[in-house]
Each structure stands twice: as C-alpha cells, then as structure tokens.
Amino acid sequence: GQYWIHTFVSGRDLCVSSFTAGGASLGREPLTVGISGQTAPMELTLRDDCAKLALSLQENLMGIVAGEEKFYTVFVVPDFDFTWDIPPVTLRPSSGGAFKLDGLTPGNYHVYTLAGNADLEYHNPAALAALPDQGQAVTLSPGATTNLVLEAPAQ
C-alpha cells in the first residue's frame with residue numbers, strides 16, 4: 001500500500017533536511033510498500049543548523065473582553081516538502097502571549113493564526129488556499145532566531 005511518512009527528530013540540535021525513497025520526496029509522495037514489504041531505498045538527511053521562531057501576540061490581542069480571555073491557535077507550515085509535524089501552538093495573554101519553536105528546518109514558512117480552538121489541514125494546499133487569511137510569510141535563516149509578531153486573524 002501507500003503510506004504518508006512522518007518524521008520526528010529528538011533533540012534541539014538536529015532537524016530534517018530531506019527524506020526520500022528512491023529519490024522521490026516523501027513530503028510530496030507517499031511511501032509505496034510492496035506486497036512483500038519491500039520499499040525503495042530510503043534516505044533521511046539531517047542538518048545541524050536548525051532555526052528558531054519566536055512568536056508573540058500583537059499588543060491589541062493581549063486583552064480580556066467581557067471577562068473572557070481570548071486565545072489563539074497558531075500553525076507554522078513550511079512552504080517546502082516536509083515529513084515532520086510542527087504541533088500547533090496555543091497562545092493566551094495570561095501565559096505571556098509568546099512561545100519559541102526550535103529545531104525548525106531553515107526556509108520559507110507561512111504562519112496561520114486562528115481564534116480559539118482550531119484545526120487546520122496544513123498538508124492540504126486546497127484547504128490552505130480556502131482560508132480567509134493566507135497567513136504571515138516568514139523566512140527562517142540557518143542557525144538564527146526569527147521574531148514574528150502575530151497579526152489578528154481574519155474574521
């Protein structure tokens with residue numbers, strides 16, 4: 001059958017550069033497993049110049065309205081083939097409205113900020129294109145920390 005592969009690299013010093021099977025990117029195509037359990041040769045390439053992304057809420061998102069604290073779910077989605085999942089981040093004013101992600105592969109990303117609890121089919125380009133807000137573009141440089149102030153989500 002065919003299977004989508006997800007990678008997880010333990011530790012903060014390494015990140016995935018690429019994962020291929022028979023030269024095909026497993027971030028773009030599922031792994032095919034033959035009836036005998038055979039697959040094309042797989043190659044996982046890691047890198048040690050990972051990036052960090054420091055997220056923070058805009059000042060106008062930090063308030064409490066009518067006694068209720070608003071919160072936001074943030075998705076960081078690579079603009080390139082990827083096999084790892086970056087867990088969504090929940091930001092609340094009461095917890096400082098900030099969070100730092102590390103161990104990210106350098107490159108271009110889009111960051112989607114959604115109000116409240118939210119799910120996002122971030123592996124589905126059609127689902128991303130259908131969003132009212134196309135996210136904030138950000139480029140993460142090798143070995144560097146990039147700061148991003150999150151914009152209010154589209155209504």
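Q: What should I know about the model before reading any values?
A: It is predicted, so local features need pLDDT of at least 70 and side-chain atom pairs count only at pLDDT 80 or more, while totals for chains, interfaces and linings use all residues. Residues are numbered from 1 along each chain as its sequence is written, and side-chain values use heavy atoms, with hydrogens and water left out.

Q: How many helices and strands are in the protein chain?
A: The protein chain has 1 helix and 14 strands, taken as DSSP runs (H or I, at least four residues, for helices; E, at least two, for strands) numbered from the N terminus.

Q: Which cavities turn up in a search of the whole structure?
A: The search finds 1 cavity of 30 Å³ or more. A cavity here is a set of points on a 1 Å grid over the protein atoms alone where a 1.4 Å probe fits but cannot get out.

Q: What volume does the largest cavity have?
A: About 40 Å³, counted as the space filled by probe spheres set on the points, which are joined across faces, edges and corners.

Q: Which residues line the largest cavity?
A: Val 111, Tyr 112, Thr 113, Asp 133, Gly 135, Gln 136, Glu 151 and Ala 152, where lining means an atom within 4 Å of a point. Strand S12 (residues 107–115) gives the most, with 3 residues.

Q: Switching topic, where is Leu 44?
A: Leu 44 is in strand S5 (residues 42–47).

Conventions:
1 Å grid on protein atoms, 1.4 Å probe; cavity = no way out; pocket = protein on both sides within 12 Å on 5 of 7 lines; lining within 4 Å.
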